[in-house]
Each structure stands twice: as structure tokens, then as C-alpha cells.
Amino acid sequence: MVTALFDILIDFFGKQQECLCAFWEGYADQEELLAAKNTRVSGLGQQSYFLFHAPLASVQAQWLAVLADRWETSGLAPNAVWPTSEEWYYSVPIGPHTSYLGGPAELVDAIRSCTELETYEAFPLDDIWRDPLNPPVREDPPN
């Protein structure tokens, strides 16, 4: 999944696109995050995060290295990645077995058409804890 997703992002935006990566402060590798003297931000929900800058290709390489070692991605791969240009946003919330991506329609279409990725449409008020295979029935809004 990581290879397919980041290959699409790189095709659209290039390997050198500058990104911000947010790592939750509560991971076991917190000492390494602190030692890197990166920015720590609060106010994103109830958690605080450390922010790192990295080109998109480096983010993909790090994520693949984590997976190749068969480690859990928790604490070793970011919880969120977005470019400094704010063209898209990718989030891996703590807890749910789902990740979220928002961006331009062409990017979303490319991701949704990728046979290596399982995708579902999400809406701003959706419950992230719901089962994507059994979505709630949507009623048309009243006229």
C-alpha cells in the first residue's frame, strides 16, 4: 500500500516536494524525536506531535524501511504527512485501521483507481471508528 500510494504522490508532485511529517509524542521512540530538536506542536486533538521536514521520496523510503524490518509502524512512521504547499494531506489516526487522504480531485481519482489500494469515500462528519464495509445509510437532506 505504501509503495502504491507514495508512487502516485511522487508522480503528481515530484520526489523533492517538501513535506511536514507529524509523529505523536507518546511513541516509545520519543527520546529520538526529542534529540532531533524538532518542533513540537499541540492542539491537534488531544495529542501533541513532533514535526519533521523531509522530501516526499525520503518519507516513502523511511516508511518502506520500517515495513521491511517488520516493525510496527507506530512511532516509526508519521501519523500525518502533508506538503508545505498544502496541496494534499495524508493521515494515519491513532487507533482506527484506516488512513485518510485529501487533495485535488485528480489525485483522489488516481488513488481511487489504483487496484493495489482499497479505498472508500469519506465525508467530513463521518465517524472514523465505523466499519467502511458497512457504512451508515445516508438520507437525502430535506429540501
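Cys-19 is buried, with a relative accessible area of 0%; buried means under 20% relative accessible area, judged with a 1.4 Å probe on protein chains only. The model is predicted, so local features need pLDDT of at least 70 and side-chain atom pairs count only at pLDDT 80 or more, while totals for chains, interfaces and linings use all residues. Residues are numbered from 1 along each chain as its sequence is written, and side-chain values use heavy atoms, without hydrogens and water.

A search of the whole structure finds 0 disulfides, a disulfide being a pair of cysteine sulfur atoms within 2.5 Å. For Cys-19, the nearest cysteine sulfur is that of Cys-21, 6.2 Å away. Cys-114 also counts as buried, at 16% relative accessibility.

The largest nonpolar core has 25 residues. Such a core is a set of buried Ala, Val, Leu, Ile, Met, Phe, Trp, Tyr and Cys residues joined through side-chain atoms within 4.5 Å. Leu-9, Trp-63 and Trp-88 touch the most other members. Helix α1 (2-13) is among the elements that each supply at least two residues, and α1 gives the largest share, 8 residues. Helices here are DSSP runs of H or I with at least four residues, and strands are runs of E with at least two, numbered from the N terminus. Apart from this core lies another, of 6 residues, including Leu-20 and Trp-82.

Gln-60 sits in helix α3 (residues 56-68) and is buried at 11% relative accessible area. Beyond its neighbours within four places in sequence, Gln-60 is in contact (heavy atoms within 4.5 Å) with residues including Phe-6 and Asp-7.

Definitions and conventions
Buried means under 20% relative accessible area, exposed over 50%, partly exposed in between (1.4 Å probe, protein chains only).
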